[in-house]
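Hello,

Here is the model I promised to pass on to you. Please have a look at it first, and then read my notes below.

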Amino acid sequence: MKTHLFVLLACLFVVMIGFGITLPVLPFYVERLALESGASQQSIVLHVTLLTGVYSLMQLIFAPLWGRWSDRIGRRPLILIGIAGYVIAQVLFGLSTSLWLLYVARIVGGILSSATFPGSAGHPLDIAKTVERSRGMAWLGTAASLGVVVGPALGGLLSRRDWHINWSAGHFTVDSFSIPFFTAAFLGLLTLIAALRWLPESLPRPLEPGTSSAEGGSENVKNDWRTLVKDLSPLLALTLAGQFALTMFEGTFALFAQAKFDFGPTEVGYVFVVCGLVMTVFQAGAVGFLAGRIRELIQIGVGFAL
């Protein structure tokens, strides 16, 4: 594997670790901070779901903007901004001593880390031959899926309460819940250094404002997007429904497992690891095997039923 492609995959892998690492830890982290601030037990669920949602909301808003800027200033700056923002957000998360600091960390992380996705997606499309582009995109999907697997494992294993870590300085503190996020920040810092050293710019020439690479004009791009959205609207609706259900599960499962089975971060992390492994196996194996053998509509129906 070429060095630049490996670094690109590492960038996406690390960012997805940051997403997955919060799944088993966030509810317990929020519970401690909420109770310390005098918040009611009932408000914990609200804060957990809002903190989960605000990260994705920032990505929804800013990822298209980052994508447009990547056509103007290049892929490499966007990837570097995304990784640097990711590191900052993870450090803030690990140092947080109040709920409002958690919100700040999630908002900053959602805004800046979302720059990684359009830059990573555009990079292999710029430099790969047509026959190799699908392979590059498949590798990116695999890296993202593996990050979702490794993230919960790190979060569950590194947030052990029996370590009794407690250090405070002003508005910041370090305890057992901080370790997973500091670990993610350290991995992000290593990735940032590698990207600075080995990741080249893939866009041959940044575009001037008001121009585009498609048909030479912004009006054509607008028309293309309208047609694309119209053609893909059924699939986009299905994706929205699937992600809506998946996010409901991810945002509330830890609270349910804690109340029902007395699960801690480690046990919740194991459950999410299993979920991530199943998704990875089906994406990398089953879907490829079924392609051309079973109609896509049937696959979609079976997937939603499962």
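Helix 2 bends by about 35° at phenylalanine 62, where the bend is the angle between axes fitted to the seven residues ending there and the seven starting there. Within four residues comes a proline, proline 64. Helices here are DSSP runs of H or I with at least four residues, strands are runs of E with at least two, and both are numbered from the N terminus. Before going on, please note that this is a predicted model in which local features need pLDDT of at least 70 and side-chain atom pairs count only at pLDDT 80 or more, while totals for chains, interfaces and linings use all residues. Residues are numbered from 1 along each chain as its sequence is written, and side-chain values use heavy atoms, with hydrogens and water left out.

Back to helix 2: its 33 residues (41-73) should span 48 Å at 1.5 Å a residue, and the 47 Å between its end C-alpha atoms agrees with that. The expected span is 1.5 Å times one less than the number of residues. After the helix comes glycine 74, with a positive phi near 110°.

Helix 2 packs against helix 3 (residues 75-95) at an angle of about 135°, and their axes are 7 Å apart. That makes the pair oblique, the class left over once angles under 35 degrees count as roughly parallel, over 145 as roughly antiparallel and 65 to 115 as roughly perpendicular. The axes are lines fitted to C-alpha atoms, for helices over the stretch in contact, and the angles run from 0 to 180 degrees between N-to-C directions. Trp66, Trp69, Ser70, Asp71 and Ile73 of helix 2 meet Arg75, Pro77, Leu78 and Ile81 of helix 3, with contact meaning heavy atoms within 4.5 Å.

Helix 1 (residues 3-36) bends too, by about 55° at valine 25, and proline 27 follows within four residues. Its 34 residues reach 47 Å from first C-alpha to last, close to the 50 Å expected. Helix 1 is largely enclosed by the rest of the structure, because 26 of its 34 residues are buried; buried means under 20% relative accessible area, exposed over 50% and partly exposed in between (1.4 Å probe, protein chains only). Glycine 38, which follows helix 1, has a positive phi near 90°.

Threonine 116, in helix 5 (residues 116-127), has a relative accessible area of 0%. Leaving aside residues up to four places away in sequence, threonine 116 touches Cys11, Val15, Leu78, Ile79, Gly82 and Ile83. Alanine 143, in helix 6 (residues 130-158), is buried at 8%. Alanine 143 and valine 14 are 129 residues apart in sequence, yet their C-alpha atoms are 8.8 Å apart.

What is the phi of aspartate 262? It is near 60°, a positive value in a residue other than glycine. Aspartate 262 lies in the loop between helix 8 (218-261) and helix 9 (265-290) and is exposed at 66%.

As for the chain as a whole, it has ten helices and two strands. Of its 306 residues, 41% count as buried.

Do let me know what you make of it!

Best wishes
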